[in-house]
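Q: Could we go through this model together, beginning with the strands and then turning to the charged side chains?

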Amino acid sequence: MEIHVRDGSKLVEVWLTNSEKRDAKLRERLKLLYREYKEKDYLVAVFESGTQDLTELTSGLLCDHRRRSAQREVTLERQGGMVMGL
């Protein structure tokens, strides 16, 4: 488990591995952390390790983003708009 406290943005990031996210005792201990930081008006964000292939999923997201960006460019060009920075 990794915990990162971002005082400037009042954010606490908690990063859990696959084994940690299934640990009931750890989850109970986290409730204390939630209460402690709630009293300080912080947001606690918990990130859990997944089971899917991160490289494959990231590649898919990047490809989808590029496809959408290209579609926007074509739409703007057809509307006679200027395409800048895309």
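This is a predicted model: local features need pLDDT of at least 70, side-chain atom pairs count only at pLDDT 80 or more; totals for chains, interfaces and linings use all residues.

Q: In which sense do S1 and S2 pair, parallel or antiparallel?
A: Strand S1, residues 2-6, pairs with strand S2, residues 11-16, in the antiparallel sense. Five bridges join S1 and S2.

Q: Which residue in S2 is the bridge partner of Ile3?
A: The bridge partner of Ile3 is Val14.

Q: How many residues lie between the strands in that hairpin?
A: The hairpin of S1 and S2 has four residues between the strands. In this hairpin, Lys10 takes a positive phi near 55°.

Q: And S2 with S3, parallel or antiparallel?
A: S2 and S3 pair in the parallel sense, over six bridges. Strand S3 covers residues 43-48.

Q: Which residue stands opposite Glu48?
A: Leu16 stands opposite Glu48, which is in S3.

Q: Changing topic: how many salt bridges are found in the whole structure?
A: A search of the whole structure finds seven salt bridges. One of the pairs involves Glu48, which forms a salt bridge with Arg27, and the closest N and O atoms of the two are 2.2 Å apart.

Q: What does the pair of Glu48 and Arg27 tie together?
A: Glu48 lies in strand S3 and Arg27 in helix H2, residues 24-39, so the pair ties together parts that are 21 residues apart in sequence.

Q: Why does Glu48 count as partly exposed, and what about Arg27?
A: Glu48 counts as partly exposed because its relative accessibility is 42%, and the class lies between the limits of 20% and 50%. Arg27 is partly exposed as well, with a relative accessible area of 25%.

Q: Which residue does Glu28 meet in a salt bridge?
A: The side chain of Glu28 meets that of Lys31, at 3.1 Å from N to O. Glu28 and Lys31 are three residues apart in helix H2, so about one helical turn separates them. Glu28 is partly exposed at 46% relative accessibility, and Lys31 is partly exposed at 39%.

Q: What about Arg68 and Asp64?
A: The side chains of Arg68 and Asp64 meet in a salt bridge, at 2.9 Å from N to O. Both are in helix H3, residues 54-78, and because they are four residues apart they are separated by about one helical turn. Arg68 is partly exposed at 47% relative accessibility, and Asp64 is partly exposed with a relative accessible area of 27%.

Q: Which residues are linked in a network of salt bridges?
A: Asp64, Arg67 and Arg68 are linked in such a network.

Note on methods
Residues are numbered from 1 along each chain as its sequence is written. Side-chain values use heavy atoms; hydrogens and water are left out. Two strands pair if DSSP finds at least two bridges between them. Helices (H or I, at least four residues) and strands (E, at least two) are DSSP runs, numbered from the N terminus. A salt bridge is a side-chain nitrogen of Lys or Arg within 4 Å of a carboxyl oxygen of Asp or Glu. Buried means under 20% relative accessible area, exposed over 50%, partly exposed in between (1.4 Å probe, protein chains only).
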